[in-house]
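Please consult the sequence and the model shown here while reading.

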Amino acid sequence: DHAFVRAYLKTDNDKYWMAWSVDGKNWNLAEPQTLGSYSGYFLADYQIPKNVDTDTITISVKMVSKAGYENIVDPTGTPEQLQAAKTAAQESLKAAYEGYQNSALKSIYQNGYDNIAKAKTMAEVAKARKAALAALAAEASGSSAEPGTNPTYDSGKTVGKVYVTVENTKY
C-alpha cells in the first residue's frame with residue numbers, strides 16, 4: 001500500500017521544490033510531474049510498511065528554496081571536499097588565464113578567482129567556475145567574436161584542425 005500527496009505549486013527561487021516527511025526529521029524530495037500538458041505538479045509517494053501499528057499516517061510537506069534544493073542534490077560535503085573543489089576550480093581558471101598570455105585579463109581572472117573562493121556549496125563552485133571561464137573567454141575574444149572567428153589576441157601557431165560531426169540517427 002502507498003500513501004500519495006500530489007500538489008500543484010507555483011515555484012520561484014524561495015519556493016523551488018516540494019519536500020515531504022513522515023517523521024519531521026528525514027525529508028525527501030517530491031517527484032516532479034506533468035499531468036497532460038500541465039507542469040508544476042509534485043508527488044510524494046510513501047510506501048506504508050506492512051507491520052504498521054497505527055491507522056493514521058501524517059505526511060508533512062514543505063517548500064525548499066533553490067539553494068536548499070541544490071544543496072540536497074549536490075551536497076556541500078565535508079569542508080575538505082568543498083575546499084578541494086574550490087582549489088581545483090581556481091587552478092583550472094589559472095591555467096586558462098595563463099594560456100591566454102594576456103595581462104589585460106588580470107581583473108577578470110581575479111574576480112572569477114574571488115567568486116570561486118566565496119562559494120558555499122559544490123554547485124556554487126561549479127557555477128562560479130563556469131561563469132569565470134566564460135567571462136575570461138569572452139573578454140579575451142573581444143566579447144563579440146563568434147565561434148570560429150579569429151581571436152583579437154595572439155593565440156599562437158595553428159597546429160591542426162578538428163572536425164566534429166554530430167548525428168542523431170533513430171533506428
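## Packing of helices α3 and α4

Helix α3 (residues 106-118) and helix α4 (residues 122-140) have axes that come within 9 Å and cross at roughly 175°. Therefore α3 is roughly antiparallel to α4, a term for angles over 145 degrees. Axes are lines fitted to C-alpha atoms, over the stretch in contact for helices, with angles from 0 to 180 degrees between N-to-C directions.

On the α3 side, I108, Y109, G112, N115 and I116 meet V125, A128, R129, A132, A135, L136 and E139 of α4; contact means heavy atoms within 4.5 Å. By class, eight nonpolar, two polar and two charged residues form this contact. Ala, Val, Leu, Ile, Met, Phe, Trp, Tyr, Cys and Pro count as nonpolar, Asp, Glu, Lys and Arg as charged, and the others, Gly among them, as polar.

## Basis of the model

The model is predicted: local features need pLDDT of at least 70, side-chain atom pairs count only at pLDDT 80 or more, and totals for chains, interfaces and linings use all residues. Residues are numbered from 1 along each chain as its sequence is written, and side-chain values use heavy atoms, leaving out hydrogens and water.

## Residue Q90

Q90 belongs to helix α2 (residues 79-100). Q90 is buried, at a relative accessible area of 9%, where buried means under 20% (1.4 Å probe, protein chains only). Not counting residues up to four places away in sequence, Q90 touches Y113, I116 and A117.

## Overall composition

The protein has four helices and six strands, DSSP runs of H or I (at least four residues) and of E (at least two), numbered from the N terminus. Of the 171 residues, 21% are buried.

Methods:
Angles under 35 degrees count as roughly parallel, over 145 as roughly antiparallel, 65 to 115 as roughly perpendicular and the rest as oblique. Buried means under 20% relative accessible area, exposed over 50%, partly exposed in between (1.4 Å probe, protein chains only).
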